[in-house]
Amino acid sequence: MGALWIAHVTVTDEAAYAKYAALATEAIAEHGGVFIARGGRFVQLEGQARPRNVVARFPSVEAAETCYNSDTYQRALNHARDASERELLIVETSE
């Protein structure tokens, strides 16, 4: 089954976060991920709003998790940690 990688982000340092985004994009593509939403318009109905929301589709939960743990993505995270407040989850799709 496929999986969605869903991130809710408040960027606090645009320059550092841009470095994260470049490396994260590379890592996601390397692991079969495809962006289906990236910072577009949204409507917050419940919970805490974050101005940047990203969704990527992966072939499986395992592929998404492998991406997260990859060297490339971990290097990307070094730029994001002090440049953002974020939540990230992987959820299996029903198809």
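These legends walk through several close-up views of a predicted model.

**View 1. Tryptophan 5 meets tyrosine 73.** Let us start with aromatic rings: across the whole structure, a search finds six aromatic pairs. One of them joins tryptophan 5 and tyrosine 73, and this pair is edge-to-face because the ring planes stand at 85°, with the ring centres 5.1 Å apart. Tryptophan 5 and tyrosine 73 are both buried.

**View 2. Tyrosine 73 has a second ring partner.** Here tyrosine 73 pairs with tyrosine 68, their ring centres lying 5.3 Å apart. The planes of these two rings meet at 40°, so this pair counts as tilted. Are the two tyrosines buried or exposed? Tyrosine 68 is partly exposed, with a relative accessible area of 30%, whereas tyrosine 73 is buried, at 0%. Both belong to one aromatic cluster, whose members are Trp5, Tyr17, Tyr20, Phe58, Tyr68 and Tyr73.

**View 3. The largest nonpolar core.** This core has 22 residues. Which of them have the most contacts inside the core? They are Trp5, Tyr17, Tyr20, Ile28, Phe58, Cys67 and Tyr73. Two or more residues come from each of strand 1, helix 1 (14–30), strand 3 (52–58), helix 2 (61–69) and helix 3. Helix 1 gives the most, with eight residues.

**View 4. The surroundings of tryptophan 5.** Now we return to tryptophan 5 and set aside its neighbours within four places in sequence. The residues then in contact with tryptophan 5 include Ile28, Val54, Val55, Ala56 and Phe58.

**View 5. A cavity inside the model.** Why roll a probe over the atoms? A probe the size of a water molecule shows where empty space is left. In this model the count comes to one cavity of 30 Å³ or more, and the largest cavity has a volume of about 110 Å³. Its lining is made of 14 residues, and those nearest the centre are Tyr17, Tyr20, Phe35, Arg38 and Val54. Strand 1, helix 1, strand 2 (34–38) and strand 3 each give two or more residues to the lining. Helix 1 gives the most to this lining, with six residues.

**View 6. Arginine 38 over phenylalanine 35.** Two of the residues nearest the cavity centre, Phe35 and Arg38, can be viewed together here. The charged end of arginine 38 sits over the ring of phenylalanine 35, at 3.9 Å from the ring centre.

**View 7. Glutamate 62 in helix 2.** Glutamate 62 is found in helix 2. Its relative accessibility is 55%, so glutamate 62 counts as exposed.

**View 8. Threonine 93 after strand 4.** Our last stop is threonine 93, placed in the segment after strand 4 (84–92). Threonine 93 is buried because its relative accessible area is 14%, and buried means under 20%. Leaving aside neighbours within four places in sequence, threonine 93 is in contact with Met1, Gly2, Ala3, Leu4 and Arg57.

Conventions: Residues numbered from 1 in each chain as written. Predicted model: local features only at pLDDT ≥ 70, side-chain atom pairs only at ≥ 80, totals over all residues. Heavy atoms only, no water. Phe/Tyr/Trp six-rings, centres within 6.5 Å; stacked < 30°, edge-to-face > 60°. Buried < 20%, exposed > 50% of the residue type's maximum accessible area, 1.4 Å probe, protein only. Lys NZ or Arg CZ within 6 Å of the ring centre and 35° of its normal. Core = buried A, V, L, I, M, F, W, Y, C linked by side-chain atoms within 4.5 Å. Helix = DSSP H or I, 4+ residues; strand = E, 2+ residues; numbered from the N terminus. Contact = heavy atoms within 4.5 Å. 1 Å grid on protein atoms, 1.4 Å probe; cavity = no way out; pocket = protein on both sides within 12 Å on 5 of 7 lines; lining within 4 Å. Points joined across faces, edges and corners; volume = space filled by probe spheres on them.
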